[in-house]
Structures are given as C-alpha cells and as structure tokens.
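Here are a few notes to read alongside the model. Have a look at it, then go through the points in order.

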Amino acid sequence: MAEPEIVDVVVVGLGVGGEEVAGRLAEAGLTVVGIERDLVGGECPYWGCIPSKMMIRAANAIAEARRIDGLAGTAQVRPDWAPVAKRIREEATDTWNDRAAVERFTGRGGRFVRGAGRLDGPGRVRVGEQVFQARHGIVLGTGTRPSVPPVDGLADTPYWTNHQAIEVEELPGSLLVLGGGAIGLELAQVFARFGVRVTVVEALDRVLAVEEPEASEVAAAALRADGVEIHTGVKAERVSHDGQNFTLHGAGGTDFTAERLLVVTGRRAHLEELGLDTVGVDAKQRYLSVDDRLHVSDGIWAVGDLTGEGAFTHIAMYQAAIVVADVLDHVRHADGGPDASGTASVVGGAMGATSALGASGSSGSAGTVPRADYRALPRVTFTDPEVGAVGLTEHQARERGINVQIGFTELSSSTRGWIHRSEGFIKVVADADQGVLIGATSVGPAGGEVLSGLVVAVHAAVPLAQLRHMIYAYPTFHRAIGDAIRDLS
Ligand SMILES: Cc1cc2nc3c(=O)[nH]c(=O)nc-3n(C[C@H](O)[C@H](O)[C@H](O)COP(=O)(O)OP(=O)(O)OC[C@H]3O[C@@H](n4cnc5c(N)ncnc54)[C@H](O)[C@@H]3O)c2cc1C
C-alpha cells in the first residue's frame, strides 16, 4: 500500500464550492490537494447555471421580438438553435473541457489530482493508488447528481438529464419534461420558444411547488402562453421507449408521448461513495449534516449542494467563504496562535480571507469566523417572467406559528408594470410581532433583480416603518415593493 503523502488540506470535489475553498486556501500559503473526478468548476459552468442562462437569454430574445407586433410594428422571427449550441460549446464550456479551470486552480498554487476521492480513515483521503494525509483538514464539496425516480421502465430508456438537454445540438420535435420545478420550467420554456412541442408532467398539484402558489400560477400561465402543455397532479407510473418515441404512462390512465424525455425531478447527494463510515459519519443521511461553520466532524468540512442548505451557486460560494475563514482560523490555532513563528503567511492569508468575507457581505469582522445564516436565502427561477423569492413563504411562516401579515400587489397596478404589459406581483410576508419582513416574492420581467431590495430588508431585518417611508423611484418595477408594504394587513 502507498505511503500517505502529508499535505495541509485535501479538497474532494472541485465544483463551485470546492474550487473556491481549495483555491483560496492555496493562495493563503497552505499545501492544498484538490481532487476532481470530472470537470473542475462542477455543474454550474458546464451543465447548470451558465449554459442554461445562455439558452434563456436567447429564448427571451425570441419572445421579446415576438412582442414587437402590437407594440412597435411587425417582426418575423425564425428561431435557430445553432448559435445557442455554438455559444454554449465555445464560450461557456470549451466543449466540456476544463483545461482553463485546472490552470486557474494550479495558478493559485493548488495541486490538482484527477480521480474519485474517498475518505480512508481519520485525516486520510484515497484517490486510486494515492493516499493523502491532511494535517489540517479535509473539505468535501462533491455536490449532487440528478435524482431519477423509481418509475417502472425508466432506467432502461435513453432519457435525458440536464446534461443531454444542455449539450443538445439539434432540437427534437417534441419533449416531455418530467418535473415542474425551477430547472424543468426554465428548460421547458426555452425549448418551447424554439419551436419544440413541450409537455410538463408534475406529480404535485402545482408547478414550482416550493414557492408561493401565486408564483406557480403566473409561471404556469406564462409557459402555457408559450405553448407548453402542463399537467399537474400526475404521478408517472411507467415509461417505455419504442426506439423513436417515449411514452409516459401516468396514474389514472393518461399517456403522454414525445421524441425525448427530460427527467428533472430533483438532485441527490451520493454520500455512500465518500467513505464516511471510515470516519464514523452516517452515510445514510440524505445530505451531509453540518453545523453553522460547515463542520461535519473533527477536521472535516463540507461545502455546497451536498450540505442540503440550498442547491444554489450562491450558497456554495457563501459557504466556501466561511469554510476558508474557519480552516485558516483552525490552522492558526493549531500552529500556536497569531504570534507563533513560522505562521506568517498563513496568518496573513487568514486575515485576508476574513476581510474578503466582509467585503462580500458576510456578517464577520476581523479575527472572527462568521456563522452561516440562511434566513435571507434568495432564489430565482429564470422563467419569463422571473420568479424571485427570499426567506419564508406565507405557508412556511404560518407553519412556524409566526404572527403573519401579508402584503400583495399586482405588477400591472404599478405604472411600470402597466406600461410594460407584464404579468407579475410582489408579495411580502411580515412578522407582525417583530415588525420586519421574513419573506418575499417578486415576480416580473426583472423579478430576480427587483428581489435584491427585498433580500436586504429580510437580511438586515429593516423595520417595516422604514420600508414604508422609503422613496422608491418612479416608474420602476421595484416601486411596487412600496405598494406591497403599504398593503400589509
Ligand atoms: C440546469 C441547472 C441550472 C442551474 N441554475 C442555477 C442558477 O441559475 N443559479 C444557481 O445559483 N444555481 C443553479 N444551479 C445549481 C448549481 O449548479 C449548484 O448549486 C452548484 O453547482 C453547486 O456547487 P457544488 O460545488 O456544491 O457542486 P457541483 O457543482 O455539483 O460540483 C461537485 C463536483 O464534485 C465532483 N465529485 C463528486 N464526487 C467526487 C469524488 N468522490 N471525488 C472527486 N470529485 C467528485 C463532481 O464531479 C463535481 O465536479 C443549477 C443547476 C442545474 C442542474
């Protein structure tokens, strides 16, 4: 058996979270080994946020051009997928090649190892024949993979996940989308706008079920207006493929047929692959439990989707900043404190990391490690109109027994919404006892951008009286926030 090689930190999985942690720790002067099984950068740049938003940008351009009729003359639009596929291939993913990302990481001082890493006892990580012993810690950032439901026959068919949907060069004539969550709706609308006949099948009684019911309604209506068929409350019972078409048999006898089937029914962390049993951590959990400094157990941290705190790039980045500060704090203490000799570069790095955290909006101050706080977790579904949300929904707040007040306004009753002829609304959820917002939803053409003011209000617990007496620029979409606040009852 190979002798373990001693290093400072080992990071397993160089997706959004892992790459950020590994790169910053290496820049701080630690010897860092970063292990990646597939592509450095992870899901977001290759099969997630970035290419999907390129697709959405293109699809929205088509939709906007179609709005010229009746507003500004006439326009003829002939959608063509080729430039979208080219842009994803050439600008976003380098044809799914991570050489630039590997160089970015090694350029920051990290050592890169390609392969699947797994824990191999306390402080140890094995990747193939190599074993690393981490002096200061191990960070797990292995993300999630698509979770495919146990539907009879499905596993034997050539169904798509987000990977094939993002990599597609030629669009099919028709597409079934199994799953009406954020990713399903975003992709369904894109493909429909490019002329694909799209059907969404969702088991729950509404699409976008984690958000406010009013948001589900607006999103469903928008997709239907783009020609998407939406079937809710339909549980898939069986899937078959005859070599050309998929047929999805729904409970209750409804069948749906299309050339392609996209399965977007959530994501799963594969904890069973990580050797957690060798360090006494339960691998049967759905996600890896962490505390508010992202500790899994002594000397092990986790970052990103596998923590189950929200499958978003901004969560992975937020957590990465905390992990970096905490690992460096740990190193400083292990090496005898800030004044100990020989730790100058690490201490410098620790202070640098702490101030960078401050700059990125963390609540930390010099010398302290901030703790994760997800109260004001923002999320955006990039359909058109966009659905932005932060904090608790009305239902979640009531379930917690909070004395809830609701404020609501349609975007069309604001001047900008009326001019724009746009669907949407602002809904705010207040804790009447505390006099602050604890949640909000902003749906509209720029719902995700308008959300920022609401995120500040929830994050900083801005008193309602102050929100009521703010000046909101006229005529903006965000001016509707003032109307929703005044509607609180
Ligand atoms: C279609 C789609 C659209 C999305 N859009 C958005 C969006 O608009 N905004 C947003 O905030 N988020 C979006 N997301 C979510 C976002 O992509 C994830 O939240 C983010 O990638 C999580 O980062 P991560 O570091 O936790 O994991 P990942 O990015 O999944 O990276 C984990 C990495 O670990 C590697 N790995 C796994 N196991 C091992 C092992 N044993 N050894 C070595 N390496 C391993 C994997 O190969 C992978 O590269 C989207 C996701 C999808 C699928």
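1. Where is the place of D94? D94 sits in the loop between α4 (82–92) and α5 (99–107), with helices (H or I, at least four residues) and strands (E, at least two) being DSSP runs numbered from the N terminus. T95 is in the loop between α4 and α5 too. Phi is near 50° for D94, a positive value in a residue other than glycine, and phi of T95 is likewise positive, near 50°. D94 is partly exposed at 32% relative accessible area (buried is under 20%, exposed over 50%, partly exposed in between, with a 1.4 Å probe and protein chains only).

2. A word on the source: this is a predicted model, where local features need pLDDT of at least 70, side-chain atom pairs count only at pLDDT 80 or more, and totals for chains, interfaces and linings use all residues. Residues are numbered from 1 along each chain as its sequence is written, and side-chain values use heavy atoms, leaving out hydrogens and water.

3. Now the cis peptide bonds. One runs from D384 to P385, with omega near 5°, and P385 is in the loop between β18 (378–381) and β19 (386–391). Another goes from Y474 to P475, with omega near -15°; P475 lies in the loop between α14 (464–468) and α15 (479–486).

4. As for the whole chain, it has 15 helices and 22 strands. Buried residues make up 51% of its 489 residues. Along its principal axes, the C-alpha trace spans about 70 × 65 × 45 Å.
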